[in-house]
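Please go through the sequence and the model below with this briefing at hand, which begins with a strand contact and then moves to the sheet, the cores, the pocket and the loops.

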Amino acid sequence: MSTEISNESAHEVDEVEFAALARYVLDQMHVHPQAELSVIFVDVPAMTELHVRWMDEPGPTDVMSFPMDELRPGREGEPSDEGILGDVVVCPEVAATQAREAGHSAQEEMLLLVTHGILHLLGFDHAEPEEREEMFELQRTLLLTFLAGRTAR
């Protein structure tokens, strides 16, 4: 599995931790081992530009996902197709603000956002209440089991 982590922001980012998270989520979702993923951390002006250009909404947002080959989750013993999953773009400044409001660290918020972004790349959405419930429960489970595994070491 090829996961590229790129920090184009001024915030310090633990690239090893985010690569481990991405590997974990993709393994749990049975994504083909040769699938490619890019996670990019950007500053507010860059995220604002992306948000305006692609969503036609003002200001920055926390995370955006740009799917490429429209890969979908596989199953145990039947991984997804091989291909380019796409890009997850995160704005650490927006994440830090949200983290303060939620009462946890910016690192935890960014881990949540990367998990959320990967699920979007895999076709999950939260426009409808049923979709939201499914996506957010899966997101929560993936993140909590990842964190539990990291602290157990």
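E4 touches L37, S38 and V39, leaving out residues up to four places away in sequence, where contact means heavy atoms within 4.5 Å. E4 lies in strand β1 (residues 2–7), and its C-alpha atom is separated by 6.2 Å from that of V39, 35 residues apart along the chain. This is a predicted model, in which local features need pLDDT of at least 70 and side-chain atom pairs count only at pLDDT 80 or more, whereas totals for chains, interfaces and linings use all residues. Residues are numbered from 1 along each chain as its sequence is written, and side-chain values use heavy atoms, with hydrogens and water left out.

**Strands and their pairing**
- Helices (H or I, at least four residues) and strands (E, at least two) are DSSP runs numbered from the N terminus, and two strands pair if DSSP finds at least two bridges between them.
- β2 and β4 run parallel and are joined by 6 bridges, with L37 standing opposite G86 in β4.
- β3 pairs with β4 in the antiparallel sense over 5 bridges, and here S65 stands opposite V88 in β4.
- β4 is mostly covered, since 5 of its 7 residues are buried, buried being under 20% relative accessible area, exposed over 50% and partly exposed in between (1.4 Å probe, protein chains only).

**Nonpolar cores**
- A nonpolar core is a set of buried Ala, Val, Leu, Ile, Met, Phe, Trp, Tyr and Cys residues joined through side-chain atoms within 4.5 Å; the largest has 34 residues, of which L37, F41 and I118 touch the most other members.
- The elements that give two or more residues to this core are α1 (15–28), β2 (36–41), β4 (84–90), α4 and α5.
- Apart from this core lies another, of 8 residues, among them I40, V42, M47 and F66.
- I118 is in contact with A22, V25, L26, L37, L85 and V88, leaving aside its neighbours within four places in sequence.

**Helix α3**
- In α3 (residues 92–102), the residues P92, V94, A95, A96 and A99 are buried, and what covers the buried residues of this helix includes β2, β4 and α4.
- α3 is followed by G103, whose phi is positive, near 80°.

**The largest pocket**
- A pocket is an open set of points on a 1 Å grid over the protein atoms alone, where a 1.4 Å probe fits, with protein on both sides within 12 Å along at least five of seven lines, and its lining residues have an atom within 4 Å of a point.
- About 380 Å³ of space lies in the largest pocket, a volume being the space filled by probe spheres set on the points.
- Its lining has 20 residues, of which D62, V63, H116, H120 and H126 lie nearest the centre.
- α2 (44–55), β3 (63–67), α4 (106–121) and α5 (129–151) each supply at least two lining residues, and the largest share, 5 residues, comes from α4.

**Positive phi in loops**
- Most residues other than glycine have a negative phi.
- D56, in the loop between α2 and β3, has a positive phi of about 55° although it is not a glycine, and D56 is exposed, with a relative accessible area of 68%.
- E70, in the loop between β3 and β4, likewise has a positive phi, of about 50°, without being a glycine, and E70 is exposed, with a relative accessible area of 57%.
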